[in-house]
Amino acid sequence: MARLLTVLLAMLLGAAAVFGADTRWSRASTEHFVVSGDAPAAVIGQLAARLESLRSVFLEALPRVNDRSLQRTFVIVFGSDRAFAPYRPAGVTVGGFAVHEPFMPCLVLRSDRADPAEDAFRTVVHEYVHVLADEPRMPLWLIEGMADYYSVTTLSRDRRRAAVGERIAPHVAQAQQWWVPLPQVLETPRTSPLANDESSMSFYAESWLLVHHLMRATPEKGSQIAKFIDRLSSGATEAPAFEQAIGPPAKVEVALRRYLGTLPLYGVERPVARSVEDAAARARPMTPAEVDATLARLSFHLRRDGEADARLEAAIGADASLAEAMVTIGMLRARQGRKAEALTSFRRVVALDPADLLAAYRLGLLALEGGQPAREPSFEEAYAALSRAAEGRSRLPPEPLATLGTLAGRIGRLSEAEPLLRQASGRDARQPATRLELANVCLRIGKFQEAREILSGLVAGSDSLVAPSARRCLEWLGLAEARARLRAELAAIAGLSDAGPDRAIARTGTFPSPPRLRTPGAGEERRLGLLDAVDCPGAEFIARVSTLDGAVSVSTASFAGVHLSSARDDVKGSLPCGVRQGREPVYVTWKGDHQLVAIEFLPEDLQPGRALPSSPSPCSAALPPSVYSSLGRREARPRTASSRRAVPQRAAGTFAVTCSTQFGTTTRPRRSTPGHSWSGCTKATPRPSGVSPPSAAMWDDTASDCGSAKAMRGTVARASPPAERIRVDMIRFTPSR
Ligand SMILES: [Zn+2]
């Protein structure tokens with residue numbers, strides 16, 4: 001019984017898969033078309049070659065090309081009305097129609113109507129022009145007028161010449177009988193449903209007439225249309241853009257009515273740039289799995305999900321690596337809201353065919369959409385797939401362009417993200433999500449003014465999904481500006497020309513929280529700076545900090561009362577005495593005569609010059625070995641809370657300090673005698689005004705009569721100290737992250 005059922009099922013599926021036992025399906029694939037059908041193989045091949053040649057004519061002749069496909073255009077050709085009828089949508093009276101899904105064009109045609117003179121073929125070509133020329137901002141009259149104007153393109157027998165823009169007699173008759181005022185045609189919105197009634201027919205006729213007039217009868221020969229689209233793209237509204245690029249509607253209307261009586265019969269001849277020979281588009285027999293996948297695709301477009309499912313199951317059952325079936329499964333599941341299954345399918349397609357733009361784009365959308373626990377594609381995965389698939393494609397439609405830019409931004413590739421988002425936003429300024437992403441990138445690369453303008457616009461705008469994100473982004477903008485000021489000041493203290501890119505805010509979705517700082521008390525003074533050294537001569541601690549106003553030395557006899565906090569992972573537990581090789585950014589607070597109150601270590605990501613690890617420290621001390629060793633060893637290992645040890649006496653004598661800055665290098669002898677002061681003029685060039693002083697830890701800039709040379713002064717704080725004791729448990733670090 002079970003066996004009989006299987007046989008019956010197989011017979012049923014077989015019968016459904018192929019229409020009539022004697023029909024053979026064949027397919028011709030060219031660069032931009034996949035033509036499949038049960039029509040004779042020669043017809044299939046010729047149609048593919050003809051469509052490819054027409055495409056090359058359109059690419060040259062259209063005022064603006066915006067290819068809206070992410071796949072080769074899928075064309076299904078039925079050889080008979082018996083095969084075509086089951087798929088003909090209600091209301092379609094001619095033998096051809098289009099069933100596009102976004103970015104997934106599909107044209108259906110009866111082969112006996114594939115003659116250029118036939119309405120069926122003209123309908124299919126009209127729909128194909130829509131695929132090639134649909135700028136998001138173009139008004140309906142221009143979209144439909146251009147599609148009709150180019151739909152009557154005929155090719156010479158050898159396909160080397162084309163005639164574009166023949167007269168369409170029914171349109172002329174319609175416009176003569178039923179004239180709709182031109183302003184009404186121009187104002188018809190893109191969402192307007194066009195039917196078979198008189199005014200809709202006149203809308204098509206007059207739209208075509210207007211495009212025909214602009215392409216043929218004006219001296220500009222179509223360049224006005226390009227100008228009009230450019231104005232729209234740069235944000236102009238339709239009416240003024242029309243008036244500026246084309247002319248006052250009333251005047252244009254008069255010209256049009258006059259043109260109606262003098263319309264030329266034939267098209268304009270032009271060479272075909274890339275004519276495709278029949279041999280290059282020869283059809284081959286299709287496998288049963290491919291036939292099932294083709295009809296599944298058509299059922300999917302016609303929203304016959306049950307039929308699509310059965311066909312897809314049969315196709316994948318016969319050929320598990322059939323990428324075209326896998327794409328349709330992904331699209332079907334995505335439409336049904338079955339995201340996990342959609343994701344699995346798109347991943348398989350990307351693995352099978354890395355050039356499949358549609359699958360890679362959908363993978364990107366799923367990554368950005370999120371919400372699929374554990375199976376979510378990472379931004380990196382989606383970015384890699386989409387950028388690989390987009391290789392070699394010169395002009396992506398704005399949506400995948402925005403997706404690619406958004407993904408690049410999310411993974412911190414800001415220099416790639418910015419132009420992509422700018423381009424996407426420029427081509428379709430109505431997309432608030434793209435504007436938000438662009439603002440996000442601007443914020444991260446320091447273009448604060450532009451980010452603020454975009455975000456303020458979005459907050460005030462009508463998009464309820466984007467506005468809250470824009471508001472949050474504005475808060476981040478404030479933080480980013482504060483960070484930028486902090487980083488700029490620290491870079492200036494470090495003697496760097498600029499702070500460089502802020503890597504900590506490169507990625508979208510994260511923002512480092514600002515460090516929590518102690519509020520200075522009355523009579524206290526706080527400065528931002530770089531901690532150069534902690535000197536521990538005798539029982540005293542001296543923190544030497546470079547600030548924008550020069551070097552500051554603050555001291556304390558005991559750390560007991562000093563507030564120490566760190567937002568860094570590498571400064572924890574103890575504060576060794578000696579030169580700070582890292583020159584960490586700190587806030588140092590003191591009171592009275594430089595009496596240390598607090599040292600607050602700022603996060604590592606604020607470290608100036610972090611992105612330039614090879615940048616040398618501006619100052620290096622060249623000390624005699626004895627002194628060096630006593631300083632260097634002093635806190636070579638972290639102390640424990642209970643450790644008390646004697647510190648070796650520092651040798652007295654002379655040593656040299658070399659200071660290398662962008663202004664030059666200078667070496668000064670210094671005596672380690674306590675209280676020894678020195679001063680002098682260096683050979684360094686004078687500091688230009690507005691530039692922060694070199695971070696010479698021990699030197700102050702003082703006004704002195706050194707002429708154009710720089711005055712320097714320093715004091716040896718203490719030397720030869722007695723043995724001292726340090727209790728490390730007095731050094732407290734409060735985590736502030
Ligand atoms: Zn149309």
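The structure is a predicted model. The protein contains 23 helices and 23 strands. Of its 737 residues, 40% are buried. Counting contacts between residues at least 6 apart in sequence, 67% join residues at least 24 apart.

**Helices H18 and H20**

- Two packed helices are described by the angle between their axes and the distance between the axes.
- Helix H18 covers residues 398-410 and helix H20 covers residues 432-444; their axes come within 10 Å and cross at roughly 30 degrees.
- Angles under 35 degrees count as roughly parallel, and H18 and H20 are therefore roughly parallel to each other.
- The crossing of the pair H18 and H20 is left-handed.
- On the H18 side the contact is made by Ala-402, Gly-405, Thr-406 and Gly-409, and on the H20 side by Thr-434, Glu-437, Asn-440 and Val-441.
- Sorted by class, the residues in this contact of H18 with H20 are 2 nonpolar, 5 polar and 1 charged.

- Most residues other than glycine have a negative phi.
- Arg-159 is not a glycine, yet its phi is positive, at about 60 degrees.
- Arg-159 sits in the loop that runs between strand S6 (154-155) and strand S7 (161-164).
- A residue is buried if 20 or more other C-beta atoms lie within 10 Å of its own; Arg-159 has 21 and is therefore buried.
- Arg-303 is not a glycine either, and its phi is positive at about 65 degrees.
- The loop that holds Arg-303 lies between helix H12 (288-301) and helix H13 (305-318).
- A residue counts as exposed if 12 or fewer other C-beta atoms lie within 10 Å; Arg-303 has 12 such neighbours, so Arg-303 counts as exposed.

**Ile-599 in strand S16**

- Ile-599 belongs to strand S16, which spans residues 595-601.
- There are 26 other C-beta atoms within 10 Å of Ile-599, and because the cut-off for a buried residue is 20 or more, Ile-599 is buried.
- Leaving aside neighbours within four places in sequence, Ile-599 is in contact with Ala-543, Leu-564, Val-586 and Val-588.
- Arg-527 is 72 residues from Ile-599 along the chain, and the C-alpha atoms of these two residues are separated by 9.9 Å.

Key
Residues numbered from 1 in each chain as written. Predicted model: local features only at pLDDT ≥ 70, side-chain atom pairs only at ≥ 80, totals over all residues. Axes fitted to C-alpha atoms, helices over the stretch in contact; angles between N-to-C directions. Helix = DSSP H or I, 4+ residues; strand = E, 2+ residues; numbered from the N terminus. Parallel < 35°, antiparallel > 145°, perpendicular 65-115°, else oblique. Left-handed = near helix turned anticlockwise from the far one by under 90°. Contact = placed C-beta atoms within 7 Å. Nonpolar A, V, L, I, M, F, W, Y, C, P; charged D, E, K, R; others polar.
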